[in-house]
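Student: Can we go through this model together? I'd like to start with the surface and then look at the backbone.

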Amino acid sequence: MKNVEKYSRSYFMPPVTSMEWAEKEYISEPPIWCSVDLRDGNQALVVPMNLEEKLEYFQLLLKLGFKEIEVGFPAASETEYTFLRTLIEQDLIPDDVTIQVLTQSREHIIEKTFEALQGVNKAVVHLYNSTSVAQRNQVFKKTKEEIIDIAVSGAKLLKKYADETQGNFKFQYSPESFTGTEIDFALDICNQVLDIWQPTAGNKVIINLPATVSLSMPHVYASQIEYMSNHLNYRENVVLSLHPHNDRGSGVADAELGLLAGGQRIEGTLFGNGERTGNVDIVTLALNLFSHGVDPKLNFENIPEIIAIYERLTRMKVNERQPYGGKLVFAAFSGSHQDAIAKGMKWHEECENEHWTVPYLLIDPKDIGREYEGDVIRINSQSGKGGIGYLLEQHYGLDLPSEMRESFGYSVKSVSDRLHKELMPNEIYDIFVKNYVNINTPIEFINYKFVDYHDFQTSVVMQINDRSKEFVGTGNGRLDAISNALQTNLNLSYTNLIYKEHALEIGSKSQAVSYVGISALDGTLYWGCGIDVDIMTSSIKALFSAINKMLEKTQIQLEEGSFLTNLK
């Protein structure tokens, strides 16, 4: 690509990198979750939420289990201010929930912020100022000392106004654009703020280290977090928070490695909404923990409902391939994948395995409100017999023999390929009925009766071209007797009669379904299906369906022989 020389690595590795985080296998407990959907996420919307929408979204976050929620920048707009006052005055904040508000390090903004917080039960006041080389040189044109002074003066003002305001307050500081800041400088400014606040075990403070712009590979961010964690003053009384953005598509990886490196808290949004490529996706992070057997302490058991509310209020769309939430993330179109999933789920049910190990499915879709039939097995021209048969069984109770599944699979894929579309379960069922069930041309089954129960002698009545014929046959069973009668009297030739039956429904009015396969002389296997309230009748209808399908393919040859002669 052109212009590659204009780019350089603009991040800063710590002076000492212990890499202790790399020795940890997994995250053993969930972080403190702080949703910033109503602030960072809301400011990134094309049409920001109005008051009513923000109140509804706040209730959604409570329902999901968030105990810390950043509700806005109350000094920034009347809507933000009114929203905060509404939450406080209408007593909408549960006792176990802490709200968070953002403020710049400017006195009139801090004063307005505390005015909005008057009477709050519990709140985090989040102070920030930019510290990166690019921001210092290009935007603020200030020295390191002047940048530190902004942070320190803001920290002092927070203490002053907190003492003068009714409510319970915790402080948070963010060196914004942390990832583009020299690590020793970031440490220095954070420690100077901590020296002002003097955190204790009973009054901890939050130091938030945002990847305001993701500049490096995730292991670099983890090393930065680990260095800060190891060198912050009052470390035991500091909650180390992470706020990763997703500019390089590594927001989740940054967060996970950052937690291994000492992070204790995550600020993010549902489905990663936020400026540019967005914030870290809390749904993905939480369900990644869930997939390792760690309770994330958030409730994502009904993902479809959450998505519906999210999309309506934000006017954003959850991508079809979004981890966990997307419509297609559990979908398998590939035949081999479908077959493995169907067999894996059957094995899982039969063996009552304690742990989820179904191929291709990281978690059980039902645990987050998804359905196997509509979300997992999806049918198009790439699908296989396993998935197609699975859908028929799950939706319509049809348990096709494995050989028949292969035959039917080709029929379905042919239709999907011709129409160039995905097929829904009802469309698949219609194809099956049209091509296999109770086929009555050119030979239509009328009825049967047992002539001699001892040797299974059976008569069968059929109709062809408005003419009725009755034939009698003998065999090692009633269906075999009817098959022999047809072959003998109609000069039909086939072998290898395959038969399977089962109840289609349960109860006194249940129907029976039968499947019959026959092999023509050239080795081609033809299948038919019969459905009837009588099991024997369903078997005969299945046989007639298979024969009719064979005749459909071989009618020219039969017209030259004795087939038509025997019908006159």
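Tutor: What follows covers a charged patch, some backbone details and strand pairing.

Student: What should I know about the source before we start?

Tutor: This is a predicted model: local features need pLDDT of at least 70, side-chain atom pairs count only at pLDDT 80 or more, and totals for chains, interfaces and linings use all residues. Residues are numbered from 1 along each chain as its sequence is written, and side-chain values use heavy atoms, with hydrogens and water left out.

Student: OK, which residues gather in the patch of negative charge on the surface?

Tutor: Glu145, Glu146, Asp149, Asp184 and Asp188. Patch residues have over 30% relative accessible area and no salt bridge, and like charges are joined within 9 Å. A salt bridge here is a side-chain nitrogen of Lys or Arg within 4 Å of a carboxyl oxygen of Asp or Glu.

Student: Which elements give two or more residues to the negative patch?

Tutor: Helices α6 (144–164) and α7 (183–197). The largest share, 3 residues, comes from α6. Helices are DSSP runs of H or I with at least four residues, and strands are runs of E with at least two.

Student: Is Glu145 buried or exposed?

Tutor: Glu145, which lies in helix α6, is exposed, with a relative accessible area of 59%. Exposed means over 50%, buried under 20% and partly exposed in between, using a 1.4 Å probe and protein chains only.

Student: New topic. Which residues does a cis peptide bond join?

Tutor: Thr441 and Pro442, with omega about 5 degrees. Pro442 lies in the loop between α16 (425–436) and β9 (444–452).

Student: Last one: in what sense do β4 and β5 pair?

Tutor: Strand β4 (residues 120–130) and strand β5 (residues 167–176) pair in the parallel sense over 9 bridges. Pairing requires that DSSP finds at least two bridges between the strands. Ala123 has Phe169 in β5 as its bridge partner.

Student: How many bridges between β5 and β6?

Tutor: β5 and β6 (residues 205–211) pair over 2 bridges, in the parallel sense. There, Tyr173 has Ile207 in β6 as its bridge partner.

Key
Patch = residues over 30% accessible without salt bridge, like charges linked within 9 Å, V, L, I, M, F, W, Y side chains within 5 Å. Areas by Shrake-Rupley, 256 points an atom, 1.4 Å probe, with all protein chains shown as cover. Lys, Arg positive; Asp, Glu negative; His and termini not counted. Charge placed at Lys NZ, Arg CZ, Asp CG, Glu CD.
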